Amino acid sequence: MQLLRREQPALPGRRLSARDLALVAVFAALVAALGLFPAISVGSAVPITLQSMGPMICGAVLGRRLGAASLLLFLALVALGLPLLAGGHGGLAVFAGPTVGYLVGWPVAAYVIGWLTERGPRPYRLSWGVVAHVIGGIVVLYVFGIAGLVWQAGVTVPHAVVINLPFVPGDLAKAVVAALVARGVFAGLPDRQPSISRVR
Amino acid sequence: MRFLYRPGSSPLHRCPAGAKLLLLVAAGVGLVLLRDPLPASAALLAAVLLYPVASFGPRVLWQQARPVLPVLVVVGVLHGLSASWPGAYVTVVGLLALVLLAALVTLTTRTTALVDVVVRVLRPLRIVGVDPERVGLLLALGVRSVPVVLDLAAEVREAQHARGLAASPRAFAVPLVVRSMRHADALGEALAARGVDD
């Protein structure tokens, strides 16, 4: 680690402070934990994990900048060969596949959700959170996912939209649950709610 | 923490990480530019033949292909119905080849070697304010944090069971996020104490 002597009085610029680095690293790991832990054991063949709530939780809790950074780091760890995606997948192969758009969309979704959450009412309001999660975690994310399917797999846009439809109910439920989670977190730690004035 | 890397001493294991990544990118670009059955088939054949070169059996090959197969079937059928069946063949075979080649790089390259490549590639970006060493530190912190947060998740789950709480996603995620924040605060202080902010 090269230590660059640089004036940095609470610089809100591009450089991440030690505190920021720690939050980004730990929340990238949290996204992994959400995917590796079967959160709901309903005895079905497909383990239902909460990993797709990762962008929502990171954006809502960390704000746009650190939220997006933590998802970027998560993707970097996956690319470097850690099996962190739900089901133990990972490596460069997932970025060569047709669903790459959803992965690329995660940091953007976290950014949008963080941006919206920072502008939300204080104390945290559930309805605002759900709307933020739907806009970032469904609308924005699906745009990236569909673009990926069209670009990488040559599917037409209407077909790509149809592929997404079965996932809408589950993702709506996750938007609500993620907002409940954010409310629960801010109920205990109200000063951690991200805001514009205190961009972390 | 288990990595996807599988140790070995094959030519592919000994090939430098940067070269493998460069070849992978070249294969990706090539398959996009040459959208034709012949190059796609050749790429898939090459990918399949490279697995024994890396001393991997058919089982490993199947493990890499299996997760993408359902998506590829859907994509292939939709592509065939909306465009053309030769086009569907090129798309599915080309994607499968890329997935297998990318998995091969992951299987034969240590994570640390890939991190070194990332840090090296980012070096020119120093001009626009990116600190490659800081990115390297962040990657290392991320790798270290995964088992820690998994432990936190296991603790939360145990606490829930002990109190006889039903497994609800919210009851799991809220304490996990709060504990993660506390851990991050402690980690941030430790990093600051080591002069990361100076």
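This tour of a predicted model visits the interface of chain A and chain B and then a pair of helices in chain B.

**Stop 1: the interface as a whole.** Select chain A and chain B together. The contact draws on 68 residues of chain A and 66 residues of chain B. About 5,700 Å² is buried between the two chains, and carbon and sulfur atoms contribute 77% of that area.

**Stop 2: polar and charged links.** Select A:R192 and B:D185 next. These residues form a salt bridge, in which the closest N and O atoms lie 3.0 Å apart. The count of salt bridges between chain A and chain B is one. Eight residue pairs, both members at pLDDT 80 or more, are in polar contact across the interface.

**Stop 3: the chain A side.** Colour the helices of chain A that face chain B. At least two residues each are supplied by α1 (18-36), α2 (54-79), α3 (93-96), α5 (126-153), α6 (157-164) and α7 (168-188) of chain A. The largest share, 14 residues, belongs to α1(A). By residue class, the side of chain A that touches chain B comprises 46 nonpolar, 15 polar and seven charged residues.

**Stop 4: a helix pair in chain B.** Select residues 58-65 of chain B, helix α4, and residues 85-108 of chain B, helix α6. Their axes are 9 Å apart and meet at an angle of about 115°; the crossing of α4(B) and α6(B) is right-handed. To view the contact, display B:V60, B:L61, B:Q64 and B:A65 from α4(B), together with B:L96, B:V99, B:L100, B:A103 and B:L107 from α6(B). Eight of these contact residues are nonpolar, one is polar and none is charged.

Note on methods: Residues numbered from 1 in each chain as written. Chains lettered and ligands numbered in written order. Predicted model: local features only at pLDDT ≥ 70, side-chain atom pairs only at ≥ 80, totals over all residues. Heavy atoms only, no water. Contact = heavy atoms within 4.5 Å. Buried area = accessible area lost by both parts, 1.4 Å probe. Salt bridge = Lys/Arg side-chain N within 4 Å of Asp/Glu carboxyl O. Polar contact = N/O pair within 3.5 Å; in protein donor to acceptor, adjacent residues only side chain to side chain. Helix = DSSP H or I, 4+ residues; strand = E, 2+ residues; numbered from the N terminus. Nonpolar A, V, L, I, M, F, W, Y, C, P; charged D, E, K, R; others polar. Axes fitted to C-alpha atoms, helices over the stretch in contact; angles between N-to-C directions. Left-handed = near helix turned anticlockwise from the far one by under 90°.
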